[in-house]
Amino acid sequence: MVLTIISRCGYVNGKFETIRAFSPAINQSSERESLRTLIEGSILSLCHQLFTKGEVKLLTSEGRIYLDHAASTPIHPRVREAILLSLDRVGNPQSIHRDGEDMRERVEQARIQVARLIGCKPREIVFTGGGTEAINLALFGLFGQPQAHIVSTSVEHAAVLAPLRRLEQEGIRLSLVGVSGTGQVKTQQIVERLSSDTRLVSVQVANNETGVIHDLAELGRILKERGILFHLDAVQGAGLIDLNVDTLSVDLLSLSAQKMYGPQGVGALYVRQGVLLTPIIWGGRHERGRRAGTENTPGIVGFGMACELARLEREERFTHLSSLTEYLESLLLTRIPGVSISGEKVPRLPGLTHIVLPGVYGEGVVQSLDRAGFSLSHGAACSAAGSEVSHVLLAMGFSEQEAAGGLRISAGIWTKESELNKFVERLVPEVERLRNLRRRTGD
Ligand SMILES: Cc1ncc(COP(=O)(O)O)c(C=O)c1O
């Protein structure tokens, strides 16, 4: 009998171990499928058990403390295993032979898993190369003709603002609504900007710098009544906030796997049935003609698993992250004079704390804490690279100088209180040192 290796490895007791499973090469497709499902299921459940017992170690931050989950989360061991299982296979999901069919089934299974997370039909999901591409597809895909108006907010991620500015150059009328001092977008302010030619409203679920969650319960209903399309940038918040496309009355919704313990460079756009999009990538009939190019099957499979886990563990994750946030913020408020928590009094994503530290440059704190073994961030990962003053903080009414003292600390589902203690122990004297330095140099 011919044996086929169908699975591989994991980190067991800190060592890289190979877990092998063999399946007979059965020609009969249904038997082959049920056997594959059985074996893969047992491997995944074995990995999960080992991880739960603390016998599987994550490869993130060896000796370091990672507090930048809003930029990217580590891969969940079950996601990793699902990716490895599909990496072992060959075949183009578009091919009509058995290998192609096998890959296609994996992609379609992942589509079901993503759809379940947001309560839509699998056919309404378009896989993309990340959140930015999903948003670009939503914004550019709708606007073939320039005679229209879009409403968005001044605190959106660059993945939204940059395409909107581009569309503005092409003749689209753009209105950006501001936020209150707490960073929240008010539905009423959006509604006041709607006009007869408004075709789309695009808003984020939660802000990537402050974690502030926008209260959008009413907005979708109002837009639906007026026949205006609604795009939700749900890249931050998906997997933590309940995002049902019908409850929210959204027509388009963008997701990114890398914020949900899935792989980087994979995302999805939900497109409500009946909403017509012009592709932004041409070259084939993939994704029902909405996004050309061979599917990133391993990435998509990992994304599917990440969505499945997020759906099953959402409440548990929310509770754990909320208690970490409460713990961290009480430490920060008692230990650092003058610190303020952005959006302190409004609902925020659990796990994400944004603080403003007067008298220091957030960037300097990030660099010195990096040398001490901590990963955190000054602002959004993309603007951090360009060291710009945060447009989000400016929109909230902070001065440029105040905004320069911003720091984003984002915990994840495996962050421990002991790690937060170590972080605060290191942050407190560092802030003191940098403040003294700045006083002395007058900079
Ligand atoms: C709110 C928000 N939207 C969009 C994006 C872009 O997603 P991606 O990095 O997957 O392209 C990000 C990434 O940080 C984000 O935080």
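**The ligand shell, the sheet and the buried parts**

The ligand is surrounded by 15 residues, and the closest are G130, G131, T132, N208 and S256; a residue counts as near a molecule if its C-beta atom, placed from the backbone, lies within 6 Å of it. The model is a predicted one, in which local features need pLDDT of at least 70 and side-chain atom pairs count only at pLDDT 80 or more, while totals for chains, interfaces and linings use all residues. Residue numbers start from 1 along each chain as its sequence is written.

Helix α4 (residues 131–142) gives the most to this shell, with three residues. Helices (H or I, at least four residues) and strands (E, at least two) are DSSP runs, numbered from the N terminus. By class the shell holds four nonpolar, ten polar and one charged residues. In this count Ala, Val, Leu, Ile, Met, Phe, Trp, Tyr, Cys and Pro are nonpolar, Asp, Glu, Lys and Arg are charged, and the others, Gly among them, are polar.

The protein has 14 helices and 14 strands. Seven strands form an open sheet with mixed pairing, in the order β4-β10-β9-β8-β7-β5-β6. Two strands pair if DSSP finds at least two bridges between them. At the edges stand β4 (125–128) and β6 (173–177), each with a single partner strand, so one side of each has no neighbour in the sheet. On average, neighbouring strands of this sheet are turned by 20 degrees against each other, direction ignored. Axes here are lines fitted to C-alpha atoms, for helices over the stretch in contact, and angles run from 0 to 180 degrees between N-to-C directions.

Strands of a sheet pair through backbone hydrogen bonds, either parallel or antiparallel. Strand β5 (residues 149–153) runs parallel to strand β7 (residues 198–204) and is joined to it by three bridges; H149 stands opposite T198 in β7. Two helices that pack on the sheet can be followed next. Helix α3 (residues 98–118) touches β4, β9 (252–256) and β10 (267–271), and its direction makes about 115 degrees with that of β4. Helix α5 (residues 158–169) packs on the sheet through β5, β6, β7 and β8 (229–233), with about 155 degrees between its direction and that of β5. Contact means that the C-beta atoms of two residues, placed from the backbone, lie within 7 Å.

Strand β10 runs antiparallel to β4, with four bridges between them, and F127 stands opposite A268 in β10. β9 and β10 are also antiparallel, over five bridges, and L252 has V271 in β10 as its bridge partner. Five of the five residues of β10 are buried, that is, 20 or more other C-beta atoms lie within 10 Å of their own, all placed from the backbone (12 or fewer is exposed, in between partly exposed). In a regular strand the side chains alternate between the two faces of the sheet. From β10, G267, L269 and V271 point one way, and A268 and Y270 the other.

Buried residues make up 45% of the 443 residues in the protein. Helix α2 (residues 77–87) is mostly covered, with nine of its eleven residues buried, among them R78, R80 and E81.

A further buried position is L357, which has 23 other C-beta atoms within 10 Å and is found in the loop between β12 (352–356) and α10 (362–371). Leaving out residues up to four places away in sequence, L357 touches I336, V339, G362, V365, G405, L407 and V431.
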